Amino acid sequence: MDPKLQKVAEVWERDTAIVEGVDISGPWNRMFGQRVIWDYTPDLIEEIAQLPGAESFAWCYQCGKCVPVCPVDVVGDYGPRKLYRRAQTGINLLDSPDLWLCTTCANCLRVCPKLVDMVQIMPAAREHAMLTGRAIPAELQEALENTAKYGNPLGQPARKREAWVKDAGVPVPILHQIQRPVEWLWWVECYPSYHPRGIDASIALARIFNALGLDFAILGREEKCAGDSQRLAGERGLFEMLAEENIRTLSKYEFQHIVVTDPHALNAFRKHYPKLGGQYDVWHYTTLLARELPKLQPLLTKSLPYRVTFHDPCYLGRHNGEYDAPRQLIQALPGVEFVEMLRCRENSYCCGGGGGGMWLDSFAAGHQRRRLSEERVLEAVSTGADTLVVCCPYEVSRFEDAAKSTGVEGRLRVRDIAELLAEAMGLIGEGAA
Ligand code: SF4
Ligand code: SF4
């Protein structure tokens, strides 16, 4: 034990003490020595703060603004203030389950007067925990190993990445086959390539792109995970390996812009690929489609009798500032009634999938009263909405599972914006691609 901590525990007590006939022996007569702030050890705070990127961990002055906005605290006991305080009183973050619960949603950073930045602190601390041989949750380990081996966290073979294209019902050009320049390189990402509900959204988006006459192509089997969530989970080395391979692949082809399905890929391309030599003009598909609204609007001919609410993805909204494009698209849908949830836009709640949380679902559930995704679907239902609209590939499966586990499955459907647009265009049926 840290010698300074023993001083914190310094007490005086008499084994036997009877005062006016009352037995106050042992702890009942305990007196504590005078305590001052430096009785608490700064060592565990400094161990984190000396890691490159994690310096701001030491800047916390315990104002407490971060705790009420932390989505993990809503369902558990969390927030930067609490992590700092626990370190101060001898709990090592590196050995604590707390290390894996932060989703790097950035809502605490939004309100912190000292700019304590968990988006930087967590990856640095997690990387250090891995490098110093600490155990990491098994489900995360598996996703990281899958990514290293197959180029995607689902452990699917690379050649299957473009298999969904044959079910699209429209041309989806693949760059290694067409060998010509395109205007838009569509970065499909892992879940929209492999997960059945992700594929539904990919097919819907492919049909929309075709209807708009967009000059686009995908990389297919040559695409690998953009790697942002692996980086945030502490695997910077794996992220750099993926980024370097992806940059090499992209350098083989001519294109003007990248359009991504996944806000996590958007974040990687905008903020982290440039440091490794990959400079691109990158758009989220909602931003592109909102720009195309003059062309898109006349094609939205079918009225959809839905009452919908929208979940802002942390990595599209807070991290990359896009709140309006998804809303413009939803409001363009004929017949749709749009209601906001209480926590929306800058203060949006988190689905729990960011920062590696996508691969820590069971682990997180074991340390919280309920999953973040469960909290969010209940909030969506409370608005009276029958449809929860999303635009991040992590969210369809997370929220559908949460709707089942909270028993609201029959009252709330989860749809990607692309699916609703394609339905209003008559390109897909209700609830299916
Ligand atoms: S808002 Fe910032 S300074 Fe205040 S308690 Fe939270 S981390 Fe510390
Ligand atoms: S980044 Fe989000 S989940 Fe992590 S501590 Fe801050 S508010 Fe909580």
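Here are some questions and answers about this predicted model.

Residues are numbered from 1 along each chain as its sequence is written, while chains are lettered from A and ligands numbered from 1 in the order in which they are written. In this predicted model, local features need pLDDT of at least 70 and side-chain atom pairs count only at pLDDT 80 or more, whereas totals for chains, interfaces and linings use all residues.

Q: Which helices each supply at least two residues of the shell around ligand 2?
A: This shell has 15 residues, the closest being Cys70, Cys102, Cys105, Cys108 and Met118. By class they are 11 nonpolar, 4 polar and no charged. Helices here are DSSP runs (H or I, at least four residues) and strands likewise (E, at least two), numbered from the N terminus. The helices asked for are α4 (71-75) and α6.

Q: Why does leucine 101 count as buried?
A: Leucine 101 sits in the loop between α5 (80-88) and α6 (107-111). Beyond its neighbours within four places in sequence, it is in contact (C-beta atoms, placed from the backbone, within 7 Å) with Val72, Tyr78, Ala364 and His367. A residue is buried if 20 or more other C-beta atoms lie within 10 Å of its own, exposed if 12 or fewer, and partly exposed in between. Leucine 101 is buried because its C-beta neighbours inside 10 Å number 25.

Q: Which are the edge strands of the open sheet?
A: The sheet has 4 strands in the order β6-β5-β7-β8, with parallel pairing; strands pair if DSSP finds at least two bridges between them. β5 (residues 182-187) and β6, for instance, pair over 3 bridges, and tryptophan 186 has isoleucine 218 in β6 as its bridge partner. Pairing on one side only marks the edge strands, β6 (216-218) and β8 (282-284).

Q: How far apart do the C-alpha centres of domain 2 and domain 3 lie?
A: The bounds, from an automatic or database domain assignment, are domain 1 (3-39), domain 2 (43-131) and domain 3 (142-291). The contact takes 7 residues from domain 2 and 5 residues from domain 3. The C-alpha centres of domain 2 and domain 3 are separated by 31 Å.

Notes:
Two residues are in contact if their C-beta atoms, placed from the backbone, lie within 7 Å. A residue is near a molecule or strand if its C-beta atom, placed from the backbone, lies within 6 Å of it. Ala, Val, Leu, Ile, Met, Phe, Trp, Tyr, Cys and Pro count as nonpolar, Asp, Glu, Lys and Arg as charged, and the others, Gly among them, as polar.
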